[in-house]
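Have a look at the structure first, then read on.

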Amino acid sequence: MIEAEHLSKRYGDKTAVDDLSFTVVPGRVTGFLGPNGAGKSTTMRLLLGLDRPTRGDARIAGRHYRDLPAPMRVVGALLEARAVHTGRSAYNHLLCLAQTQGIGRRRVEEVADLVGLTEVARKRAGGFSLGMGQRLGIAAALLGDPSVLILDEPVNGLDPEGIVWIRTLMQRLAAQGRTVFVSSHLMNEMAVTADHLIVIGRGRLIADCSTEEFIERSTEKMVIVRSPDAARLADVLAAEGAKITPEGDTVLTVTHMEAPRVGELASAERIVLHELTPRRGSLEAAFMELTRDSVEYGTAADPAAPAPPAASAPPAMPPAAPGAPDAAPADKGETR
Ligand code: ADP
């Protein structure tokens, strides 16, 4: 369980986190969603005791991070998506971390295996790709077999295979009853990863609800209609309150009216239909709209973000698997 209560953080006159209250419960993946600069990393650093809140309270498993007797056994964190700069082998890197918390060699081997690092565990971690570095970071996070996992943008910079791997791992860890809190600025990624969403913009809470509910609430239903008599159909539907956007001579995009009603009205007027397809609007577009006023100046256009797809995918919930999580969070400090 993670709890934030009226959490606020100011850097000079900049408010990074603004009176944020939420609870993250075990047994599901909770996505922490917001545009770049929304305050996600700052919130995570506050949770992990790496920064002090200006106001409010952050607790993990009912305690402040600094009061946890063996933090790695309670919470595992992955804070920065970058390769590890170390001359040590991956195995030795994990072993050193483990020794600080009295964790044995066997667990080191277990986590290396769990994240698929066994083959390269003896190689120098400094030479790892970003994807391998991420796996090593996650192995470190899992060392203490913690019940809470905090992952900041874990899929950034990963190839599609790495993204699916992390997604599946997070879902397994949640299915084991752990608390999994993962941040992202990508709506579509969260839609297929998270069961629950906490959405923020400019440090403030925008939504705290199930992913399904968020999709239902945010995406407008529309109907695509194709007819050789589209112009007449448009008049008929508009007269009944539908909003029509013509797409060429034969296709209409209809909102404010459900597909069955469109079909009934067309039939009543003896208008031939060649297509009648209910659709949802793009989730990414809905998210951009929702957070538009809360995107920082200069960070609104994210060149790394993929183009919005035509329609949103429903949240897929792949099966569960074993594993265990924690990492020494990288300290970004007060300045950056
Ligand atoms: P996100 O993780 O959602 O991209 P951040 O938490 O990194 O957002 O940043 C939120 C805001 O706080 C941004 O405007 C950022 O520039 C500012 N900020 C974050 N850390 C610091 C810091 N150490 N000093 C000054 N400003 C900061």
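## A strand in the middle

Strand β6 (residues 148-152) and β7 pair in the parallel sense over five bridges; two strands pair if DSSP finds at least two bridges between them. Strands here are DSSP E runs of at least two residues and helices are H or I runs of at least four, both numbered from the N terminus. This is a predicted model, where local features need pLDDT of at least 70 and side-chain atom pairs count only at pLDDT 80 or more, while totals for chains, interfaces and linings use all residues. Residues are numbered from 1 along each chain as its sequence is written, and side-chain values use heavy atoms, leaving out hydrogens and water.

Within that pairing, Leu151 sits opposite Val182 of β7.

Buried means under 20% relative accessible area, with over 50% being exposed and anything in between partly exposed (1.4 Å probe, protein chains only). In a regular strand, side chains alternate between the two faces of the sheet. Both faces of β7 are covered, with Thr179, Phe181 and Ser183 on one side and Val180, Val182 and Ser184 on the other.

## The phenylalanine cluster

Phe22, Phe32 and Phe181 are linked into a cluster by ring pairs. Rings of Phe, Tyr and Trp (its six-membered ring) pair if their centres lie within 6.5 Å; planes under 30 degrees apart are stacked, over 60 edge-to-face, and the rest tilted.

| Pair | Centre to centre | Angle between planes |
|---|---|---|
| Phe22 and Phe32 | 5.7 Å | 45° |
| Phe22 and Phe181 | 5.5 Å | 40° |

Phe22 lies in strand β2 and Phe181 in strand β7, so their pair ties together parts 159 residues apart in sequence. Phe22 is buried at 3% relative accessibility, and Phe32 is buried at 0%.

## The chain as a whole

Zooming out, the chain has 11 helices and 13 strands, and buried residues make up 50% of its 336 residues.
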